[in-house]
Amino acid sequence: MRISLNEASHILCTGGVVAVPTETVYGLAAALNQPEAIERVFKLKGRPANNPLIIHVPNEAAIQPYLTTIPNQFQLLANHFWPGPLTLVLPIDKSKIPEKARAGLPTAAFRVPSHALTRELLEQTGPLVMPSANLSGKPSATQPEHVESDFGDCFPVLDGGRCKHGLESTILYFNEKDWQIVRLGSISAEEFIPILGYAPEVVCSSKDKAPICPGQLYRHYAPKAKLILCENPDNCTEVVLGFNDRLYSKAERTIILGSTNNPEEVAENLYAKLRQLDEENVLSAHVDINFPQEGLWVTILERIQKAAS
Ligand code: TXA
Ligand code: MG
């Protein structure tokens, strides 16, 4: 059910839950000061209680009252990437943030989104917690229809159209010395070099280390269809998730993710195409993963690998 901005604001301020567009993916929003609504977000998604939520705020100043210390280069990151698809895990005064939202951690994840509707809503409601608006384990929602497919046609959705980035925010954590990427996302590691002077190490994808970002423990982004990763386009058979500038001679048919020259376009389409497999009852599909291992492609490959695992 599509609702207006004022309806969304009213529902959130009176303890309800609504789906909200952002520039990355749709979020399942509850007001930070409504503990029962936060509880409902976990229930609706089927989300484990030890997986904390991101707190979305209208601007950087709104974060300051929660913080105990300001990590090195925080201001540079905030000035450059906010509003936008960056989430920062920061040390907080635990008494100021509900335990449930931060899953008992001494830190909280914050983000200032750039989507015009989200910003207007946040101005009215104040801080909102928002995990991605999908059932736990499924691909994130990048269109209102995806939210309705997971939560039913009657579920209230603020319609902001298709999400521009199509992949979640990049999450950074400060380990006392350097910033590290604890979840790959819409901002590539290389994009931090001009700001921080280095590309943050990606600590999430390592199998040897315990993840700092609890969400990385769980299965993600997966359609029901079995995905077979294919490094040689000539070996892709049956239904192929691939690119419009390649020929798949052995394919029965191809579902187009975009062009190999345009990772932004592929990112924007990825979750919709993974969802399309289930809508069309495809049982298994080959995914062409013959693309460079740099920039946004690194996030795209990580999402495909998780979807296939
Ligand atoms: O783009 C996004 O980030 C979207 C939109 C809606 O803003 N949100 C999103 O939320 O992706 P979610 O809940 O699907 O993923 C949040 C991730 C989880 O993996 C969680 O473990 C991690 O953020 N996280 C939250 N608080 C954390 C904390 N204090 N320390 C480490 N990781 C944290
Ligand atoms: Mg999610």
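Trainee: In which strand is Glu 238 found?

Mentor: Helices (DSSP H or I, at least four residues) and strands (DSSP E, at least two) are runs numbered from the N terminus. Glu 238 belongs to strand 13, residues 238-243. This is a predicted model, in which local features need pLDDT of at least 70, side-chain atom pairs count only at pLDDT 80 or more, and totals for chains, interfaces and linings use all residues. Residues are numbered from 1 along each chain as its sequence is written, chains are lettered from A and ligands numbered from 1 in the order in which they are written, and side-chain values use heavy atoms, without hydrogens and water.

Trainee: What is the phi of Glu 238?

Mentor: Most residues other than glycine have a negative phi. Glu 238, although not a glycine, has a positive phi of about 50 degrees. Ala 103, in the loop between strand 5 and strand 6, also has a positive phi, near 50 degrees.

Trainee: Which two residues does a cis peptide bond join?

Mentor: Most peptide bonds are trans. Here Trp 82 and Pro 83 are joined by a cis bond with omega about -5 degrees. Pro 83 lies in the loop between helix 3 (74-81) and strand 5 (86-91).

Trainee: Which backbone oxygen lies 3.0 Å from a polar side-chain atom of His 286?

Mentor: The oxygen belongs to Thr 237. His 286 is in strand 15, residues 284-288, and is buried at 8% relative accessibility.

Trainee: How many residues surround ligand 1?

Mentor: A residue is counted as near a molecule if one of its heavy atoms lies within 4 Å of it. Ligand 1 is surrounded by 27 residues, the closest being Thr 24, Asn 51, His 56, Ser 169 and Gly 215. Strand 6 (107-111) and strand 4 (54-56) each supply at least two residues of this shell, and strand 6 gives the most, with four. Oxygen atoms of ligand 1 lie 2.5 Å from a polar side-chain atom of Ser 169, 2.7 Å from one of Thr 24 and 3.0 Å from a side-chain N or O atom of Arg 111.

Technical notes: Polar contact = N/O pair within 3.5 Å; in protein donor to acceptor, adjacent residues only side chain to side chain. Buried < 20%, exposed > 50% of the residue type's maximum accessible area, 1.4 Å probe, protein only.
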